[in-house]
Amino acid sequence: MAVDTADQPTQAQTPRRPTRLTRGGKELIYRHSIAVRLTHWVNVLCFFVLLMSGMQIFNAHPMLHWGIKGAETDPSILSIYAEEQLDGPPIGWTQIGSAKFNTTGWLGVFRDRDGFPSGRAFHWRVTLPSYQSLAEGRRWHFFFAWLFAINGLIYLIHSFVARHVQRDLTPTRADLRNIGRSILDHLKLKHPRGEEAKRYNVLQKLTYLIVAFVLLPLMILTGLTMSPGVVSAAHFLLDIFGGRQSARTIHFIVASLLVLFVLVHVIEVLLAGVFNEMRSMITGWFAVRPDKSEGNKP
Amino acid sequence: MKRELITRRAALLGTLGASGLVLSGCDQLGQNRTFARMLEAAEKLSLGGQRLVLNSSAPLAREYAKSDISRVFKANGTTRPDTDVYKRLQMAGFADWRLQIDGLVNKPLSLSLDELRAMPSRTQITRHDCVEGWSAIGEWTGVPLGYLLMQAQPKPTAKYLLFRCADNLGGTRDETGLYYETIDLVDAYHPQTIMAYAMNGQTLPVDHGAPLRLRVERQLGYKMAKYVMRIEAVDDFSKIALGKGGFWEDRGYEWYAGI
């Protein structure tokens, strides 16, 4: 449907979705289906719990390795650790490759709840639970991993069956041709109005596709690759990711990319109008800012 | 425009403040019994899900090449058991040590190290995954547990094997500090589940569990009890120590450590 009209002027698009008007005269469109809204918020919950309990689990072995094996005495590509000092408080170091940074106060060493220096990798304010407990961190992580996987499966099935992917997320040829302009618009923090605001822009489409179909599935697959039970039945997972420790490292890198995505996503929501964006993800209804060139319609 | 900015700032500050509340709320939530039990329910899903696959085809954990063996294999947990029983056995080079196999079996066994070494053996180079996140590769030689069970003949009521160990990792005066583990019969009969007496071609060193340790290759390291003294076939482990089926399980870790 979107492809058919892609090369036409935007005015020619006839949105099939229900619309109504706000009291201020703005056009309201029904943007997000109930399935998208529900899975979105369950995902938000899962994201934060998995991220924070994941950092708790990381703290139990605050190093990343590459390959089939890796422990304290093996080479690491990332390591966060505390160095005790003879005189004075310990120093927190973060080593990435061959570079080493003093991250005291943030990573490696920070003040615990009672103000004493504590030698852990991630700060207690961002781990779940806040105190050190690998056992409890794992309980949180695996419960919400199941919820996340089931929720994701519902989203994926719904998105194909209801043609959300084909209709809203797949970039059209015109989209891809105008990708340069979209990048410029983003850099200028310019948000679309009128007809263009009724659909996702090309960068949005590509980002959502990458997150939903590449990054999130990668989190599940690399997570499964760390399970000795699962990989005994699925050796190919070890081969795909280059071993259990590589899978653990990729799990960490992809999680970091997701944090980056969430940051940009939230900033864009704030810039585009937090009330309207939140309303659309809660009720489904999204107000389209009128196109300046169209003039003020009654 | 100005009004909007204030709203955004308020929203941001509100979010930050709320996240602080949420964080301390989560700690309390995690310690709430009902909620903790809900979180623990995920273990049943993981066990059920994995067993769907693992039961039917009994796949083997990957085995590696000699060149993959870790130069340093970290010994975790107890590395020098200091119970009197163990120290006495160690002084005598484990000449007086015997493995007891009893409980719900038709033929209880008592085996010396030499008797174990004379039995059919399996050597495997496998990856040891610690619950902390690291992995090391080592070569293990030992008697398949399934072979020992064929001799001892578990009764139909036997559901688990209970491994009693010589080390007191908890450091307590009563037996709740003694290391122990339980596995079910699915893992017990798996061909890679062995009672290992050698590591990397040498006699099993003390820090890795001499004279005999369990290897359950499809689970995490804490399941692989070291310093094993006795294997008991049981139908239930809820009355043993703190009732969760293992030393670390009693301290909050999952009984099923295949994940």
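**Entry 1: strands of chain B.** I began with strand 3 (residues 122-129) of chain B, which pairs with strand 4 of chain B in the antiparallel sense over eight bridges. I keep in mind that this is a predicted model. Within that pairing, I looked up B:Gln124 and found that its bridge partner in strand 4 of chain B is B:Trp140. Five residues lie between the two strands of this hairpin, and B:Gly133 takes a positive phi there, near 125°.

Next I followed strand 4 of chain B to another neighbour. It also pairs with strand 7 (residues 194-199) of chain B, again in the antiparallel sense, over five bridges. Here B:Pro144 stands opposite B:Ile194.

Is strand 4 of chain B buried or exposed? I found ten of its ten residues (135-144) buried, so the strand is largely enclosed by the rest of the structure.

**Entry 2: where the chains meet.** I then turned to the contact between the chains, which takes 42 residues from chain A and 52 residues from chain B. Together the two chains bury about 4100 Å², with 60% of that on carbon and sulfur atoms.

How many salt bridges run between chain A and chain B? I noted six. One of them joins the side chains of B:Asp27 and A:Arg113, at 3.9 Å from N to O. I also noted 21 residue pairs in polar contact between the chains, both residues at pLDDT 80 or more.

On the side of chain A that touches chain B, several helices supply at least two residues each, including helix 1 (34-59), helix 2 (134-161) and helix 9 (244-282). Helix 2 of chain A gives the most, with nine residues. By class, I find 23 nonpolar, ten polar and nine charged residues on this side of chain A.

Entry 3: Most residues other than glycine have a negative phi, and most peptide bonds are trans. With that in mind, I looked for exceptions.

The peptide bond from A:Leu128 to A:Pro129 is cis, with omega near -10°. I located A:Pro129 in the loop between strand 8 (117-118) and helix 2 of chain A. Another cis bond joins B:Ala210 and B:Pro211, with omega about 5°; B:Pro211 lies in the loop between strand 8 (202-203) and strand 9 (213-215) of chain B.

For positive phi, I noted A:Leu189, near 55°. A:Leu189 sits in the loop between helix 5 (179-187) and helix 6 (202-225) of chain A, and counts as partly exposed at 49% relative accessibility. I also noted B:Ala241, with phi near 50°, in the segment after strand 10 (228-234) of chain B. B:Ala241 counts as partly exposed at 25% relative accessibility.

Notes. Residues numbered from 1 in each chain as written. Chains lettered and ligands numbered in written order. Predicted model: local features only at pLDDT ≥ 70, side-chain atom pairs only at ≥ 80, totals over all residues. Heavy atoms only, no water. Contact = heavy atoms within 4.5 Å. Buried area = accessible area lost by both parts, 1.4 Å probe. Salt bridge = Lys/Arg side-chain N within 4 Å of Asp/Glu carboxyl O. Polar contact = N/O pair within 3.5 Å; in protein donor to acceptor, adjacent residues only side chain to side chain. Helix = DSSP H or I, 4+ residues; strand = E, 2+ residues; numbered from the N terminus. Nonpolar A, V, L, I, M, F, W, Y, C, P; charged D, E, K, R; others polar. Buried < 20%, exposed > 50% of the residue type's maximum accessible area, 1.4 Å probe, protein only. Pairing = 2+ DSSP bridges.
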